[in-house]
Every structure is written in C-alpha cells, then in structure tokens.
Amino acid sequence: DIWSMRTSIVPLVHYSGKNAVYLRPDQVFPFLDPHLGNRNNFIVNAVGWVLREMHNIYPREIEDYIRENAANISSVARRKARL
C-alpha cells in the first residue's frame, strides 16, 4: 500500500523549518533503506523530502548516505533532496 509506505516515511521529520524535530540519522536510515529503490512518485518524493530536511542538521551524514547508496536512490529523490 503506497499510502502506508508514505506515512511511514514522512513523519520521520516532525514538522519542518525552525520548529523541526529530528531523529538521529542512524534511527532514520533503516526506515528509508527499504524504499530507496521504489519508483513510485509519492514514495520517492517522501524520501527526498526527509533527506532534504535532515541535511539541514546532519549534512555530512546525509551526504555520506546518498553517496553510499547512489546506485539505489532514484534521481527524483535526489532532486527533491536538492543534493
């Protein structure tokens, strides 16, 4: 179910902007890993959004994660992440 998958990804960042609350990357990555190869637009957008928001707080960890998973992350998710 696409919507169940999406709702398991989006709340990994609680709010966004200056009021955002972030989990540590080691807590978030296991939830993103199963969805990296997904090609559904709603899912890849959610993955990209989480990566973009987390990059504000954990830039090195997010850049390392994207580099290590470059073969699996869709170009859409990377574009949404703005990385």
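First, the conventions. Residues are numbered from 1 along each chain as its sequence is written, and side-chain values use heavy atoms, with hydrogens and water left out. Because the model is predicted, local features need pLDDT of at least 70 and side-chain atom pairs count only at pLDDT 80 or more, while totals for chains, interfaces and linings use all residues.

I'll start with helix 2, residues 25-32, and helix 3, residues 41-55. Helices here are DSSP runs of H or I with at least four residues, strands are runs of E with at least two, and both are numbered from the N terminus. The two axes come within 11 Å and cross at roughly 170 degrees. Axes are lines fitted to C-alpha atoms, for helices over the stretch in contact, and angles run from 0 to 180 degrees between N-to-C directions. Helix 2 and helix 3 are therefore roughly antiparallel, a label for angles over 145 degrees.

On the helix 2 side the contact uses P25, V28 and L32, and on the helix 3 side V47, V50, L51 and M54. Contact means heavy atoms within 4.5 Å. By class, these residues are seven nonpolar, no polar and no charged. Nonpolar covers Ala, Val, Leu, Ile, Met, Phe, Trp, Tyr, Cys and Pro; charged covers Asp, Glu, Lys and Arg; the others, Gly among them, are polar.

Between helix 2 and helix 3 is a loop, and N38 lies in it. The N38 side chain reaches the backbone nitrogen of N40 at 2.7 Å. Setting aside neighbours within four places in sequence, N38 contacts M5, I43 and V44.

Next, helix 3 against helix 4, residues 59-68: the axes come within 8 Å and cross at roughly 145 degrees. Helix 3 contributes L51, M54 and H55, and helix 4 contributes P59, I62, E63, Y65 and I66. That contact has six nonpolar, one polar and one charged residues.

Beyond four places in sequence, H55 touches I62, E63 and L83.

Last, V13, in strand 1, residues 13-14. V13 is buried, at 4% relative accessible area. Its C-alpha atom is 7.4 Å from that of E53, 40 residues apart along the chain. Not counting residues up to four places away, V13 touches A20, V21, Y22, W49, V50, E53 and M54.

Notes. Parallel < 35°, antiparallel > 145°, perpendicular 65-115°, else oblique. Polar contact = N/O pair within 3.5 Å; in protein donor to acceptor, adjacent residues only side chain to side chain. Buried < 20%, exposed > 50% of the residue type's maximum accessible area, 1.4 Å probe, protein only.
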